[in-house]
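Please look over the sequence and the structure shown below before reading on.

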Amino acid sequence: MKKNRLYGTWRSDRGITLRYLHCYHQLRGKKKRKLASIFGKLTVKYTPQFVHIRLQGEVRKERYTIVAEDRSSTIIRVSNDQLRKKMGPVWADCFDDFKPTLSQLKFDKIGKKTCYWVLAGRFCECFAKIT
């Protein structure tokens, strides 16, 4: 198992995510377009110590550690220190989102793309490696 399989830049893949998102196929019209518009915007870059999260021109850099891994997945802990500083102590103490978080990244090969899946709220989102 290579820890560096995570290193590089990954982008949310709207097409793959929606293909496997069961509730998306049950929607129609405006609701379907609204749900689709959520995906495909987030870019994540992993280096040995940091994860750089880019969304609509805003970049956040957080420390992360690899907690565990096997052949098909990696579990990481993201500090969320920068997010906590940005939001301030009142907000940070009120919401769990600003505490360190654990995420399981499940690696997959879809067609010619190297991808990982991660739980994003109530959905799983697919990220494809771009570099």
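Gly-8 is placed in strand β1, where strands (E, at least two residues) and helices (H or I, at least four residues) are DSSP runs numbered from the N terminus. This is a predicted model, in which local features need pLDDT of at least 70 and side-chain atom pairs count only at pLDDT 80 or more, while totals for chains, interfaces and linings use all residues. Residues are numbered from 1 along each chain as its sequence is written, and side-chain values use heavy atoms, with hydrogens and water left out. Gly-8 counts as buried because its relative accessibility is 15%; buried means under 20% relative accessible area, exposed means over 50%, and partly exposed lies in between, with a 1.4 Å probe and protein chains only. Although Gly-8 and Tyr-46 are 38 residues apart along the chain, their C-alpha atoms are separated by 5.4 Å. When neighbours within four places in sequence are left aside, Gly-8 is in contact (heavy atoms within 4.5 Å) with Val-44, Lys-45, Tyr-46, Lys-129 and Thr-131.

Thr-9 also lies in strand β1, which covers residues 8-12, and it counts as buried because its relative accessibility is 14%. Again leaving aside neighbours within four places in sequence, the contacts of Thr-9 include Thr-43, Ala-128 and Ile-130. The side chains of Thr-9 and Thr-131 are joined by a polar contact of 3.2 Å; such a contact is a pair of N or O atoms within 3.5 Å, and within protein one must be able to donate a hydrogen and the other to accept it, while residues adjacent in sequence count only if both atoms are side-chain atoms.

## How the strands pair

Strand β1 runs antiparallel to strand β8 (residues 123-129), and 3 bridges join them; two strands pair if DSSP finds at least two bridges between them. The bridge partner of Trp-10 in β8 is Lys-129. Strand β8 also pairs in the antiparallel sense with strand β7 (residues 113-120), over 6 bridges, and here Trp-117 stands opposite Cys-126. The hairpin of β7 and β8 has 2 residues between the strands, and in this hairpin Gly-121 takes a positive phi near 70°.

## A loop residue with positive phi

Gln-56 is found in the loop between β3 (50-55) and β4 (58-69). Its positive phi is about 50°, although Gln-56 is not a glycine. Most residues other than glycine have a negative phi. Gln-56 counts as exposed because its relative accessibility is 63%.

## Aromatic rings

One aromatic cluster is formed by Trp-10, Tyr-46, Tyr-64, Phe-107, Tyr-116 and Phe-127. Rings of Phe, Tyr and Trp (its six-membered ring) pair if their centres lie within 6.5 Å, and a search of the whole structure finds 8 aromatic pairs.

The charged end of Lys-61 sits over the ring of Phe-50, 4.3 Å from its centre, and Lys-32 lies over the face of Tyr-24, at 4.8 Å from the ring centre. A charge sits over a ring if NZ of Lys or CZ of Arg is within 6 Å of the ring centre and within 35 degrees of the ring normal.

## The protein as a whole

The protein has 4 helices and 8 strands, which follow the pattern β-α-α-β-β-β-β-α-α-β-β-β along the sequence. Of its 131 residues, 34% are buried.

Key
Rings of Phe, Tyr and Trp (its six-membered ring) pair if their centres lie within 6.5 Å; planes under 30 degrees apart count as stacked, over 60 as edge-to-face and the rest as tilted.
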